[in-house]
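Biologist: I would like to learn how to read disulfides and sheets in a model. Could we go through one case together?

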Amino acid sequence: MEQRSGERKEEEQGAPAAGKSPGTKAVDEGWAWGVVLHFFLVNVLVMGMLKSFGIFFVAFQEDVGGSSERISWIGSIMSSLRFLAAPLVAVVCGRLGERPTSILGAGLVSGGCLLSTRATSVPFLCGSMGLLLGLGFACLYQAAAVMTAKRCRTRLAFSNAIARSGMGLTFLIAPFTQFLIDFYGWQGTLLIFGGIMLNLVPSSMLLRPAAAQPPENPDHGCLMAKKDPETLDGCLDETTHGEMQLRSAQELPTTEGLAVSHNKDVSGSETMEKPCQETMTKAKRSHKFFKQRGKEDSQPLLDFSPLTDPIFCIFTWSFLFSHLAYFVPIFHLVARARTLGISSMDASYLISVAGVTEMLSQLLSGWVADQNWTKKYHYYAAYLVLCGATNLLCPLATTFPLLMAYAVAFAVFCGGFMALVLPVLVDLVGVQKLHSYLGFAAFFAGIAAVGGPPLAGWLYDYTQTYVCSFLFAGACALISPISFFFEPSAQKWKLKKANLNNSPGFSWRESAVQKSKDGV
Amino acid sequence: EKNITLDSATRIELSCRLDSKYSHLKSLQVTWKRGNETIEHISKTDDSRGIQLNIVDNSKLGSYYCTVKGEEGEISARFHLQVPHIEGREKPIIGYVGDGAIMICKSYGYTPIAWTWYMTNGTEQIAINDSLRADKYIINRVSANVTHLKILKLTKEDEDVYWCEATFELGKSKGKLKLKVLTLMVPLKPFLAIVAEVVSLVAIIFLYELYSKRKEKCAEDEREFDQIEQL
């Protein structure tokens, strides 16, 4: 009863605070769009740099010398580190926060570009361009993705799709790079690129921390009331059962050695005596609870818990295979068109049509997923199955119109599932642990990205036809959603484990979490 | 019209043949010309529609015409016998002051006997002697078909048109390359412009955040005051 009155009081309190909150809410939405803009820019510049590496390749070959193989190492290090360094970046993000990590990433990228202008040999370039740029890209990407997930709760899929549509604009970067190289040489081009990448610093500053900071001075208990609307709008599911957790918060054992949280407990009880509304202190204590939890989670330097989580295995399995299914046809579409006798002009037309279709389909898929007609991973699995079926039918496409139809269908389904990767992960895991999960998932995807092209090439060499690559991609796309069939049983297993291990209060929270997640 | 590339002395047979739909035409006269002179004393092939040539030196290369005269008119075809073509680079090679630049010349398919590099000094072409100025020019024959000219310590005066000449048994062939030398200031200007823009954006965002934090603090103090009053 006390709880109910507490809730009612919070609503009342929310009203005068809400008098302020449309203003802050509007500002908040503005910042959320800022985050989406930043993610968009990251996609454009990072992908643009990766794709225009081929143009640098030619320039390097002539000027710096070195065999094709050695120079292509630079490109592979750059693109694979973007994924493989993700767990490391997750740790850094946890320690520093997203905004400093993003600024660090932007600094690394532009520093790497600037350093590469002085390069005289291929190993130097491997280090300066491959290593530094790869690490920088990983930092930028991880920070931006997690921040988007944290900020845009209700429309995550659509915002993610908008940001990813930046990849569609990268086709402009390649001719631009060529123009710069003709005008300034590759050193001048790298210098200018360093400057352009530096633009990511102000856009990283848009990544304002979303969660309210606990007040430095515990006397400002009312601060929380104002900051509550911000996080309330976003954290609807968490604060509703935040109320329920308040009872269990006191029962929850604080982890040993966390003097800070102990102090917060003490200060929490102090503020209970302050003449502030009871609800505000309750809200504040729920925030303190989360701060405690946050501190608990970040204590281990590298959180390996995702590796033992079945949900993570499910997600990574599908992520891995879906990436393989995505990359391989892209590589071999043009070659297949050529072997069928289609001119290279028409073949590149295929690629551009596919690119534009993918962009549009990402936006549509994001919007549809946000309508919440069903769980997001149902869409994800559906797109994957359709994509796999399309790929398996590809060998039947032997003329230009049929190949165009295949390209369009493939782009539609690929755009569909690509836009939903992040939202599905957020649905499965929640935002608090997103960093470590995303980090490890990206790591495994990186292994696929590194192994994918050589595997595809080997397939071609072995079978002397590109048909096999498409069949392989289709098979991968069909295998990947299989793991989602296990998702409900995995959730139940997790719940049972949590019930067995922890106190009843804790398991009650878990079931509350489950209910809220199902509701989303 | 046909281009035939020869790099060493060979015996070559050129023949003009009419399409099978014209095979019913009789009394055809085939004449071969080189330039304006008709070739008469060359050994003709069996069906006497072609000629055999022995190409031993540069003077024998050039354009050969065959003209087939019939009752209704005449048709002619042209053969160009030439040395292999060397391609330079259309776009200028960019080098920076103080750095080195590498100019590459390739011969496709045919191996030249020797390579020579020339620089254009005004109107005349001067051969580059790398032993004379070993600290400045390095000529490297990387492989049989590829030659590199490396110019060290570039200065503005090195901005020039360079020629790489391949010597074949039957003649010489040149490729044109242009070198452009830039100072570091040239790309630095756009870079500094971009950095200025970045710094101003950072300053704007930073100031806005400071301003909004101050506004928040004022509003909080106000509200706290109100609530203390209420209670």
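The dialogue below takes up cysteines and then a sheet.

Modeller: This is a predicted model, so local features need pLDDT of at least 70, side-chain atom pairs count only at pLDDT 80 or more, and totals for chains, interfaces and linings use all residues. Residues are numbered from 1 along each chain as its sequence is written, chains are lettered from A and ligands numbered from 1 in the order in which they are written, and side-chain values use heavy atoms, with hydrogens and water left out.

Biologist: How many disulfides does the structure hold over all chains?

Modeller: A disulfide is a pair of cysteine sulfur atoms within 2.5 Å. There is one over all chains: B:Cys105 with B:Cys164, sulfur atoms 1.7 Å apart. The pair ties together parts 59 residues apart in sequence, because B:Cys105 lies in β9 (101-106) of chain B and B:Cys164 in β14 (160-168) of chain B. Strands (E, at least two residues) are DSSP runs, numbered from the N terminus.

Biologist: What is the handedness of the disulfide of B:Cys105 and B:Cys164?

Modeller: The torsion about its S-S bond is about -60°, so it is left-handed.

Biologist: Is B:Cys105 buried or exposed?

Modeller: Buried means under 20% relative accessible area, exposed over 50%, partly exposed in between (1.4 Å probe, protein chains only). B:Cys105 is buried at 0%, and B:Cys164 is buried at 0%.

Biologist: In what order do the strands of the open sheet in chain B run?

Modeller: Strands of a sheet pair through backbone hydrogen bonds, either parallel or antiparallel. Two strands pair if DSSP finds at least two bridges between them. In chain B the order of the five strands is β8-β15-β14-β10-β11, with mixed pairing. β8 (93-96) and β11 (124-127) of chain B each have a single partner strand, so one side of each lacks a neighbour in the sheet.

Technical notes:
Helix = DSSP H or I, 4+ residues; strand = E, 2+ residues; numbered from the N terminus.
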